[in-house]
Amino acid sequence: MTGMLRDWRLMRNGFLLAVTLFVYLFLLGPVVVIAVASLESSMAYHFTLTPENPSLRWYFAIPGKYLHAFGVSFLVASISALIATALGAMAALGIVRGQSRGAQLLQTFFRLPLQIPLVVTGVVFLQFYYLLFDLLGVSLLGKLAGVVTAHVFITIPYNVSTVAVVLMRTGTRLDEAAESLGATPWSAFRRVTLPAMKPGLFVGLFYSFIISFGDVPVTVFLAGSGFVTLPVEIFHTLQFDWEPAVLALSTLVVLFSFALIVVVQRVVGLDLVVPQSRR
Amino acid sequence: MAAGARRPSADHADLASERSRLWRLLLWPPFVIALALLVLPQAVFVWMSFHKSLGMGLVSDFLTIENYRRVLTDPFYLHAMWMTFYLSLGATLINLALALPTAYYLARLRSRWVSYFVVLLLVSLFVTVVIKVLALYLVLGKEGMINHTLRALYLISEPVQMLNSQLGVLIGLVQYTLPLLVMLMIGVFQTIPSSLEDAAEVHGATWFSSLSRVVLPLAWPGVIAGSLIVFNMNMGAFTSAVLLGGGRVLTFPVLIHRKVILDVDYAMGATLSTVLLVFVLLVNLASVLLLRERRGSGSQRAATVHVS
């Protein structure tokens with residue numbers, strides 16, 4: 001009986017592990033292939049498992065526009081993630097702590113952008129910016145403010161729900177305890193509520209950054225003339241003309257993501273980054 | 001002294017409702033901003049879709065439903081919508097089949113390896129879809145790794161066409177949304193205590209029945225919510241369709257991109273976008289209604305298992 005149970009457990013874990021390993025191979029295998037291919041110094045665009053003339057040649061030949069685009073992406077993602085997280089946290093506090101009537105409805109409202117196909121959001125903002133230019137003479141196309149506004153719009157949903165979940169779980173008892181022990185409302189917020197919100201804030205910030213940093217379907221309509229994000233720049237390269245240094249560039253971007261995530265893991269811990277974690 | 005500090009309960013209730021009112025003030029800035037960003041651009045846009053395109057990005061002054069008539073009667077557009085739908089649904093189902101076991105395994109794994117697994121998953125989530133597409137070229141392309149290997153082993157003489165087809169687009173979509181779905185599902189499984197499963201198994205439930213009668217009914221709302229996020233992302237993505245479809249897989253997002261960027265036909269672009277938006281909203285609404293119907297019976301079943 002117990003032996004059979006153990007066999008079952010083994011089979012079950014074997015199955016789960018097999019699927020998991022397949023998923024990781026599927027997701028990361030191609031990325032490793034890019035890194036290997038980036039070392040091939042000839043101009044050829046075909047895969048070889050071992051580069052014939054391995055060198056770091058392309059790493060020193062990355063055109064300046066990609067490095068500029070990388071800077072643009074980093075700036076856009078940082079600013080829009082901060083704004084979206086601040087707005088999302090305010091909304092979550094208002095909904096949960098304000099005991100707002102129709103809390104469910106409000107949460108649904110803030111989640112609406114997730115139901116709009118990204119390509120539609122892109123076109124919608126493009127036309128909106130045209131109109132703003134016609135009416136007010138304000139030009140947002142190909143500008144930091146324009147891209148950030150659209151990115152804030154698509155990332156707010158992630159922030160509202162992550163912070164709201166954390167707030168509902170913590171409740172108000174600790175705040176009340178702090179205040180009955182003589183804390184002012186502000187210091188109770190700063191020293192009790194804010195630390196309790198931290199996991200939600202981090203998840204929101206993290207996801208917003210990632211989504212903003214990697215977006216193509218929205219940004220492709222809004223970027224332009226000197227203000228192009230990295231994914232859009234690479235998209236144009238793949239669509240219209242081939243540039244061998246893109247492999248080296250992509251490898252660097254992957255290494256950058258990896259480094260950033262390891263830093264996050266060291267500094268705040270990754271259990272914070274899993275959405276709706278048990279904390 | 002201590003008695004003086006304790007407030008009478010009526011005062012306390014007043015204070016609490018006063019406090020809630022203050023918290024509610026915080027709601028206004030994000031609410032107004034989100035509403036403005038949602039309503040203003042959309043309104044301009046839907047308005048645009050009722051006009052005739054005059055070329056060069058200009059539209060007529062009069063209103064017309066001609067654009068909608070064209071989109072909704074032309075077999076070309078209807079087929080494009082159908083293809084967008086089944087590719088997105090297919091990618092979502094494949095994603096679920098892969099993400100559920102993976103997320104369950106990682107959520108239940110008690111080992112220091114978990115954090116390495118999660119780091120790698122996040123790297124994959126972080127890497128932008130265009131880099132993933134580039135990687136797929138290298139692996140699945142005519143001169144790619146798989147064809148190269150198969151030919152070196154004399155298993156094939158002609159390269160197998162995997163990209164520049166719907167299959168290529170499907171693989172691209174799975175690459176695009178799989179990491180996000182796994183992360184979301186880990187979150188879902190973590191909120192379900194494993195002690196519930198242990199309890200079910202102690203009482204003689206097999207793994208399968210504890211999964212289907214305890215875990216899945218509890219996970220169901222989260223699974224549906226996550227699947228919808230991923231489905232919507234697939235419906236609005238065109239990177240993999242443009243780059244892996246070889247110009248042959250004309251999904252709705254690809255058509256919208258072409259209309260707006262290449263043809264500068266904003267009226268038609270707006271019409272196609274509105275049709276896509278309405279379609280996606282209907283799918284979401286239908287799923288939510290379906291979920292509400294199932295939720296009653298689901299949680300009841302979970303409760304019975306828990307008690308028995």
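Mentor: Start with a rule: the expected span of a helix is 1.5 Å times one less than its number of residues. Helices (H or I, at least four residues) and strands (E, at least two) are DSSP runs, numbered from the N terminus. This is a predicted model, in which local features need pLDDT of at least 70, side-chain atom pairs need 80 or more, and totals for chains, interfaces and linings use all residues. Residues are numbered from 1 along each chain as written, chains are lettered from A and ligands numbered from 1 in written order.

Trainee: How far apart are the end C-alpha atoms of helix α10 of chain A?
Mentor: Helix α10 of chain A covers residues 245-267, which is 23 residues. At 1.5 Å a residue it should span 33 Å. The model agrees, because its end C-alpha atoms are separated by 33 Å.

Trainee: Which residues of α10(A) are buried?
Mentor: Count C-beta atoms, placed from the backbone: a residue is buried if 20 or more others lie within 10 Å of its own, exposed if 12 or fewer, and partly exposed in between. In α10(A) the buried residues are V246(A), L247(A), A248(A), L249(A), S250(A), T251(A), V253(A), V254(A), S257(A) and I261(A).

Trainee: Is A145(A) buried or exposed?
Mentor: A145(A) lies in helix α5 (residues 144-170) of chain A. Its C-alpha atom is 8.8 Å from that of V76(A), 69 residues away along the chain. It has 12 C-beta neighbours inside 10 Å, so A145(A) counts as exposed.

Trainee: What share of chain A is buried?
Mentor: Chain A has 10 helices and 0 strands. Of its 279 residues, the buried share is 46%.

Trainee: And what share of chain B counts as buried?
Mentor: Chain B has 13 helices and 2 strands. It holds 308 residues, and the buried share is 43%.

Trainee: In chain B, what percentage of contacts between residues at least 6 apart in sequence join residues at least 24 apart?
Mentor: Two residues are in contact if their C-beta atoms, placed from the backbone, lie within 7 Å. For chain A, the percentage is 76%. For chain B, it is 73%.

Trainee: Which helix gives the most to the side of chain B that touches chain A?
Mentor: Across the interface, 82 residues of chain B contact 74 residues of chain A. With 18 residues, the top contributor on the chain B side is helix α2 (residues 9-49) of chain B.

Trainee: At what angle do α4(B) and α8(B) cross?
Mentor: Axes are lines fitted to C-alpha atoms, for helices over the stretch in contact, and angles run from 0 to 180 degrees between N-to-C directions. The axes of α4 (residues 75-108) and α8 (residues 166-190) of chain B come within 7 Å. Their crossing angle is roughly 35°.

Trainee: Why does I186(B) count as buried?
Mentor: I186(B) is in helix α8 of chain B. Its C-alpha atom is 33 Å from that of G141(B), 45 residues away in sequence. I186(B) counts as buried because its C-beta neighbours inside 10 Å number 24.
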